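Open the model in your viewer and keep the selection panel at hand. The tour goes stop by stop: select, look, move on.

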Amino acid sequence: MDLQKHAQRQDAAARVTELRASDADRDRIADILRDALAEGRLTADEHAERVEGVLNAKTVGELEVFIRDLPAAHGRPAASAYAQPRPAPGAIPTEADTNIVAVFSSAVRKGRWRAGRRMHAYSVFGSVEIDLSEAIFEYQQVVIKAVSVFGDVQIRVPENVSLRGTGGGVLGNFEVHTLDSAEPEAPVVYVDGWAVLGNVEARPKRGKLVADILDRVHHRVDRTLRKHLGH
């Protein structure tokens, strides 16, 4: 069964490389190249040459060529055919598991912590940082409602989850860097909200990967069930 699932994933990954590249795909590759230039992995000429190639690339597979010798390319394919649809109405409770509020102050949630199904972040003349790069995901779908009024909300996620966003800005900036995981079991983080004379930004944290998150959770659940059933 495991071999069959592995083969299916390989076939899916091969199909992904043939997909037409989107602007979000090109932006993500360009970000990786920019980081590589800043780290000294690429010279200025190499960076300029690769960026030009990225702009002219037609498929996801062509984009991968420009980063395959960089660390960011390993451990995660470039894009995915497995992006989960938005949760159906009522699928996720409207009440937040976690509220993070900063009013004329700052609030930070980072490190090893359990991400609930729904989080609410409010920044009023303050700053909120939500760092999920080391968080434990116990749910496949996580919704973050982010509202910034004359404030700043920064959200960071691991590179191997999917990231989606819906919102806008009123004399402010609402920006979600769309991210697609190639793993069908990978968590999906949805960022919804508004920035009123403020800033809301969500993006992947380079170099941070969470491996087999849901598999570990499922194994723990299975062991607990077997224990209670006496097996």
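Start by selecting K205. This residue is partly exposed, with a relative accessible area of 30%; partly exposed covers the range between buried (under 20% relative accessible area) and exposed (over 50%), with a 1.4 Å probe and protein chains only. This is a predicted model, in which local features need pLDDT of at least 70, side-chain atom pairs count only at pLDDT 80 or more, and totals for chains, interfaces and linings use all residues. Residues are numbered from 1 along each chain as its sequence is written, and side-chain values use heavy atoms, with hydrogens and water left out.

**Stop 1: the partner of K205**

The side chains of D131 and K205 form a salt bridge at 2.8 Å, N to O. A salt bridge here is a side-chain nitrogen of Lys or Arg within 4 Å of a carboxyl oxygen of Asp or Glu. D131 sits in strand β5 (residues 127-131) and K205 in the loop between β12 (199-204) and α5 (213-229), so the pair ties together parts that are 74 residues apart in sequence. Helices (H or I, at least four residues) and strands (E, at least two) are DSSP runs, numbered from the N terminus. Is D131 buried or exposed? At 4% relative accessibility, D131 counts as buried.

**Stop 2: further salt bridges**

Select D180 and R164. Their side chains meet in a salt bridge of 2.4 Å, N to O. D180 belongs to the loop between β10 (173-176) and β11, and R164 to strand β9 (residues 162-170), so this pair links parts 16 residues apart in sequence. D180 is buried, at a relative accessible area of 17%. Now pick R156, E201 and R203: salt bridges that share partners join them into one network.

Next, select R114 and E138. Here the salt bridge is 2.6 Å, N to O. R114 lies in strand β3 (residues 114-115) and E138 in the loop between β6 (136-137) and β7, so parts 24 residues apart in sequence are tied together. R114 is partly exposed at 49% relative accessibility. E138 is partly exposed too, with a relative accessible area of 32%. How many salt bridges does a search of the whole structure find? The search finds 8.

**Stop 3: the nonpolar patch**

Show the surface. Select V101, V103, F104, F125, F150, V170, L171, W194, V196 and L197. Together they make a nonpolar surface patch of about 1,000 Å². The elements that give two or more residues to this patch are β1 (98-103) and β11 (188-196). Patches are built from residues with over 30% relative accessible area and no salt bridge; like charges are joined within 9 Å, and nonpolar side chains (Val, Leu, Ile, Met, Phe, Trp, Tyr) within 5 Å. Accessible areas come from the Shrake-Rupley method with a 1.4 Å probe; for residues, only the protein chains shown count as cover.

- F150 lies in the loop between β7 (141-149) and β8 (152-157). F150 is partly exposed, at a relative accessible area of 42%.
- L171 is in the loop between β9 and β10. Its phi is positive, about 55°, although L171 is not a glycine. At 73% relative accessibility, L171 counts as exposed.
- L197 is in the loop between β11 and β12. Phi of L197 is near 50°, again a positive value in a residue other than glycine. L197 is partly exposed at 38% relative accessibility.

**Stop 4: the negative patch**

Select D45, E46, E49 and E52. They form a negative surface patch. Lys and Arg count as positive and Asp and Glu as negative, while His and the chain ends are not counted. The place of a charge is NZ of Lys, CZ of Arg, CG of Asp or CD of Glu. Within this group, E49 lies in helix α3 (residues 44-56). E49 counts as exposed at 60% relative accessibility.

**Stop 5: P87**

Hide the surface and select P87. This proline is found in the loop between α4 (60-64) and β1. P87 counts as buried at 18% relative accessibility. Which residues does P87 touch, not counting those up to four places away in sequence? They are I92, Q141, V143 and Y190; contact means heavy atoms within 4.5 Å.

**Last stop: the whole chain**

Zoom out. The secondary structure comes to 5 helices and 12 strands. Buried residues make up 42% of the 231 residues. The chain exposes about 12,700 Å², with carbon and sulfur atoms supplying 53% of it.
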